[in-house]
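Welcome, and thanks for opening the viewer. Let's walk through this model together, one selection at a time.

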Amino acid sequence: MWSMVMAAGAAGEAPAMEALERLARAYWQPLFIFVRQRGMSHDDAADAVQGFFAHMLGRDPLRGVERRETRFRTFLLRCFSNWLTSEHRKDAALKRGGAVFIVPWSEFDSDEARMEPDSVDSPELAFDRRWARTVFELAQSRLAEDIATRGRPDFLQEISRRVFHPGAEGPNWAEVAQAFSTNEGAVRKAAADLRGRFAALLRQEVSAAVSEDAEVDDELRYLFRLLSSPKNSA
C-alpha cells in the first residue's frame with residue numbers, strides 16, 4: 001500500500017488516497033501513544049489524532065514525501081510531529097460528534113487507551129513499540145480470519161491459541177490431540193503450518209508499510225527486537 005501511495009506522490013490519485021486512509025486507520029495507535037507519552041491528556045490526544053488525520057487526508061500531504069522516507073512509520077511520525085508544532089492543530093482539531101472520523105471514537109475508549117502512560121520510554125520509542133505491536137496484531141487478526149474459512153476452525157483456533165499464548169510450560173500437543181480425536185503428529189503439523197502462515201502474513205503487513213522489498217527484513221528485525229524487549233514481553 002505504501003509503495004502505491006509514494007508512487008502516486010503529489011498527484012493525489014484516488015486509489016493512493018484510499019490506501020493512505022487504510023494505513024492511517026490501521027496505525028493510529030502509535031500516534032496516540034506518542035502524544036500521551038508527551039504528557040497530553042487522553043481526550044486531547046484523541047482529538048489530536050483525529051484532527052491530524054483529517055488534515056493529512058484532506059490537504060494532499062503526499063507533496064511532502066521524500067524518497068529517503070521509505071517507511072510509512074517514519075513519514076507518519078514526521079508529519080504528525082510537524083503538525084503538532086504548527087498552527088494546523090488549532091485550525092483542524094476535531095471535537096466529538098457530527099462528523100465522519102477516520103478512527104471511531106469508541107476505539108479511544110478501550111481499557112488500553114484509557115491507561116495512563118507509565119513508561120520511561122521516549123515518545124519516539126513508545127511510538128515504535130506500539131507500531132510493532134500493531135503490526136503483530138494485524139497479522140494475528142488476518143490469521144484468525146483465515147482460520148475461520150478453513151475446515152475444523154475450532155481445532156485450528158485452539159492450536160493458534162496455544163502457539164501464540166502457550167503459557168509458562170509451553171503447548172501440550174498431546175492434550176489437544178486427545179481433545180480433538182487425532183494424533184499428536186497431526187497436531188504438530190497443523191501448528192507448524194499456522195506458524196508458517198502467520199510468518200507470511202506478518203511479512204505482508206511489514207511489506208505494506210515500506211517502499212522497497214529490500215527493507216522488509218530490516219524492518220522485521222527491528223520489530224522483533226521491540227517485541228522481545230522486557231516491556232513488551234512482560
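Before the first stop, one term: a cavity here is a set of grid points where a 1.4 Å probe fits but cannot get out. Keep in mind too that this is a predicted model. With that term in hand, a search of the whole structure turns up one cavity of 30 Å³ or more.

**Start with the whole chain.** Show the protein chain as a cartoon and you will find 13 helices and zero strands. Of its 234 residues, 43% are buried. Its accessible surface is about 12,200 Å², with 50% belonging to carbon and sulfur atoms. Among contacts between residues at least 6 apart in sequence, 71% join residues at least 24 apart.

**Next, select the core.** Pick Leu-31, Phe-52, Phe-53, Phe-72, Leu-76, Phe-80 and Ile-159: in the largest nonpolar core, which has 57 residues, these touch the most other members. Now centre on Leu-76. Beyond its neighbours within four places in sequence, Leu-76 is in contact with Tyr-27, Leu-31, Phe-52, Phe-53, Met-56 and Trp-131.

**Then follow Trp-131 to the cavity.** Trp-131 also lines the largest cavity, alongside residues including Arg-73, Asp-128, Val-135 and Glu-205. How much space lies in this cavity? About 80 Å³.

**Finally, colour the lining by helix.** Select α8 (123–148), α11 (184–207) and α12 (216–227), each of which supplies at least two lining residues. The largest share, four residues, comes from α12. Switch to colouring by class and the lining shows eight nonpolar, no polar and four charged residues. Among the charged ones are Arg-73, Asp-128 and Glu-219.

Methods: Residues numbered from 1 in each chain as written. Predicted model: local features only at pLDDT ≥ 70, side-chain atom pairs only at ≥ 80, totals over all residues. Heavy atoms only, no water. Buried < 20%, exposed > 50% of the residue type's maximum accessible area, 1.4 Å probe, protein only. Contact = heavy atoms within 4.5 Å. Areas by Shrake-Rupley, 256 points an atom, 1.4 Å probe, with all protein chains shown as cover. Core = buried A, V, L, I, M, F, W, Y, C linked by side-chain atoms within 4.5 Å. 1 Å grid on protein atoms, 1.4 Å probe; cavity = no way out; pocket = protein on both sides within 12 Å on 5 of 7 lines; lining within 4 Å. Points joined across faces, edges and corners; volume = space filled by probe spheres on them.
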